[in-house]
Amino acid sequence: MAYSRGSANRVILVGHVGADPEVRYTPSGVAVANFNLATNETWTDNDGNRQERTDWHRVVAWRQLAELCEKFVDKGTLVYIEGKLQTRSWEDRNGVKRYTTEVVADSLTMLGGRGQAAEPAPQEDRDAMQPEPDEDMDDLPF
């Protein structure tokens, strides 16, 4: 992991997957998985009422990690994700510049599925869940 002088870009999330990961392939055959992750925060307000807020995070996984997400991660699965924030832009059909910020996952650990403990993945799959970060993202098909 490389850090620029005086800065760091690191994200850790624990949450539930909102829908089955969507996996696509770049023209050069590189797997890319996209899914949303829900994190929840609860607190008691000044009136003693319990409050809850859910934040949704867009997650992107590349290569072997993307393929493992497709194979093992389902809607509702509780996961631990480490990665970095990345903002990208594009022009929509009307020529308007749009932006999105995503968590580019470096590693993913399954903590359980829909309130249950998950079966551990085979050792070779667990080893592959921490692939080398992708530096070349120029061939995105979307």
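Select R63. This residue is partly exposed, with a relative accessible area of 33%. R63 sits in helix α1, residues 63-72. Its phi is near 55 degrees, a positive value in a residue other than glycine. Helices (H or I, at least four residues) and strands (E, at least two) are DSSP runs, numbered from the N terminus.

A word on what is on screen. This is a predicted model, where local features need pLDDT of at least 70 and side-chain atom pairs count only at pLDDT 80 or more, while totals for chains, interfaces and linings use all residues. Residues are numbered from 1 along each chain as its sequence is written, and side-chain values use heavy atoms, with hydrogens and water left out.

**Stop two: strand β1**

Select residues 11-17. This is strand β1, which pairs with β5 in the antiparallel sense over six bridges. Two strands count as a pair if DSSP finds at least two bridges between them.

Now look at β3. It runs antiparallel to β1, and two bridges join them. Pick V17, then find L37 opposite it in β3. As you follow a strand, watch the side chains. In a regular strand they alternate between the two faces of the sheet.

**Stop three: the second largest pocket**

Select E22, R24, N34, F35 and R58. Of the twelve residues lining the second largest pocket, these are the closest to its centre. The volume of this pocket is about 210 Å³. A pocket is found on a 1 Å grid over the protein atoms alone: it is an open set of points where a 1.4 Å probe fits, with protein on both sides within 12 Å along at least five of seven lines, and lining residues have an atom within 4 Å of a point. Grid points are joined across faces, edges and corners, and the volume is the space filled by probe spheres set on the points.

Colour β2 (22-25), β3 (31-44) and β5 (77-91). Each supplies at least two residues of the lining. Which strand gives the most? β3 does, with three residues. By class, the lining has four nonpolar, three polar and five charged residues. Ala, Val, Leu, Ile, Met, Phe, Trp, Tyr, Cys and Pro count as nonpolar; Asp, Glu, Lys and Arg as charged; the others, Gly among them, as polar.

**Stop four: salt bridges**

Side chains of opposite charge can pair when their charged atoms come close. A salt bridge is a side-chain nitrogen of Lys or Arg within 4 Å of a carboxyl oxygen of Asp or Glu. The count comes to eight.

Start with E22 and R24. Their side chains meet in a salt bridge at 2.5 Å, N to O. E22 is partly exposed at 39%, and R24 is partly exposed at 35%.

Move to R58 and E102, which meet at 2.9 Å, N to O. R58 lies in β4 (residues 50-62) and E102 in β6 (residues 97-113), so the pair ties together parts 44 residues apart in sequence. Is E102 buried or exposed? At 3% relative accessibility, E102 counts as buried.

R88 lies in β5 and E102 in β6, so the pair ties together parts 14 residues apart in sequence. R88 is buried, as is E102.

Last, select R10, E82 and D106. Salt bridges that share partners join them into one network.

Notes
Buried < 20%, exposed > 50% of the residue type's maximum accessible area, 1.4 Å probe, protein only.
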